[in-house]
Amino acid sequence: QEAVKRVLESGWVSMGPETELFESEFAAYLGSKNAAAVSSGTTALHLALLAAGVGPGDEVITPSLTFVATANAILYVGATPVFADVTGVEDWNISADQIERAITSKTKAVILVHYAGFPCQMDTIRELAESSGLVIIEDAAHAPGAEFQSRKIGTWGKIGCFSFFSNKNMTTAEGGMVVTDDPETAKKLKVLRSHGMTTLTWDRHRGHSFSYDVIETGYNYRMDEIRAALGRVQLAKLEANNQKRRLATLEMRRHLKEYPEISVPFSDKSISDSSCHIFPILLEESELRPGLMAHLKNAGIQTSIHYPPVHRFSTYLGNGRARADGLRITEEIAAREVTLPLFPQILPGQIKSICRELRGFFDHQGTSNHGRTLSSLAEHGKRGFPG
């Protein structure tokens, strides 16, 4: 509140000095050379694709187990999304093997999504991308502060994209950030986010120029000073809040080890590198999901689904806008996933309450030995499903 008040009292609320400070602080936190604050994570992805030179006739490989914005941004530039399957029931990130199988002569880039804040296998994927001449764009909406091999997520690819929507690990209500080490890419990103103009209002206010040229067909994707002020305060809290999320995640996982009706993706040892954005579980049977979510709602516990697979949305079905082959693991996960509450201020008693309500639901259902078991699916995940 004090940060917002300070901006309002300054008399300058459109993009200016506060935004510049937010950009420099965020870039320093990540260890990136350049950052550009934008109006949302979606616009970050759009600008990243434009700056990478992706356009009509190109293909971009990405997972379907993501928020629809990841794929929509590919359509914005006239390219074709090509959906690749995730690794398995223990790792819900895009599979390097499936990326390799999806590459064609038209493939220009790959958008990686670090699901739930758990990093993709960046060394393997980066080696594959370099050998195939592909641009890596990281959708790090879930992963501010996450690391792979002691390097911050968002800095492994050519361009990293972050979202600061209200439910993210750090928020500006609406907003996002694009980061890159390449100076020419950074320059292009900043021109494109503001109508393709060579100078901005803040530049002219400081006397740097009296006019401007328009050198690109750009967009109005700027961040304002109020959101930048929020972002700076949130960034200062990010490490502490991420650590609280990790501790809560470990505690929840400890309780749920006793529940044969569900499994939890990723391993305990990977939590230290994760930003622990959400807490997903995988049910034994898809038929359990509506009843479980209703049961938890009646107990005052909010749940969600991350995610309905993008390739199954009506706008992507049967119209040639995307390619989607061999996504069996994605579809299995999407049919049986439930997201449980996770936030920095969650209390041990609240975690116990969630687990107690889960136990009560499963005991009432008596489903422990019904249907196909998770272990059988896990075996499929280890082998990889046929395409």
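**A walk through the structure**

Let's start with T249, which sits in helix 9. Keep in mind that this is a predicted model. Is T249 buried or exposed? With a relative accessible area of 3%, T249 counts as buried, because that label applies to anything under 20%. Setting aside neighbours within four places in sequence, T249 is in contact with I271, C276, F279 and L342.

Now slide along to L256. Again leaving out neighbours within four places in sequence, L256 is in contact with I262, V264, F279, I281, L340, C355 and L358. L256 also belongs to the largest nonpolar core, which has 39 residues. Which members of that core touch the most others? They are Y115, L256, I281, L283, L340, L358 and F362. The elements giving two or more residues to this core are helix 9 (225-256), helix 10 (288-298), helix 11 (328-336) and helix 12 (348-365), along with strand 13 (279-283) and strand 15 (337-340). Helix 12 is the top contributor, with six residues. There's a second, separate core too: it has 38 residues, I94, I125, A129 and F162 among them. As a general rule, nonpolar side chains in soluble globular proteins tend to be buried together.

Eight strands make an open sheet with mixed pairing, in the order 1-11-10-7-6-2-3-14. At its edges are strand 1 (34-38) and strand 14 (323-324), each of which pairs on one side only. Further in, strand 2 (residues 59-63) and strand 3 (residues 80-84) run parallel and are joined by five bridges. Here P63 stands opposite A84 of strand 3. Helix 6 (residues 122-132) packs on the sheet, where it touches strand 6 (107-113) and strand 7 (135-139). The direction of helix 6 makes about 145° with that of strand 7.

Helix 2 covers residues 17-30, and its 14 residues reach 20 Å from first C-alpha to last, close to the 20 Å expected. Which of its residues are buried? They are E18, T19, F22, E23, F26, A27, Y29 and L30. Seen down the axis of helix 2, these buried residues fall within an arc of 165°, so they line one face of the helix. The general idea is that an α-helix has 3.6 residues a turn, so residues three or four places apart point the same way.

Notes
Residues numbered from 1 in each chain as written. Predicted model: local features only at pLDDT ≥ 70, side-chain atom pairs only at ≥ 80, totals over all residues. Heavy atoms only, no water. Helix = DSSP H or I, 4+ residues; strand = E, 2+ residues; numbered from the N terminus. Expected span 1.5 Å × (residues − 1). Buried < 20%, exposed > 50% of the residue type's maximum accessible area, 1.4 Å probe, protein only. Arc of directions from axis to C-beta. Core = buried A, V, L, I, M, F, W, Y, C linked by side-chain atoms within 4.5 Å. Contact = heavy atoms within 4.5 Å. Pairing = 2+ DSSP bridges. Axes fitted to C-alpha atoms, helices over the stretch in contact; angles between N-to-C directions.
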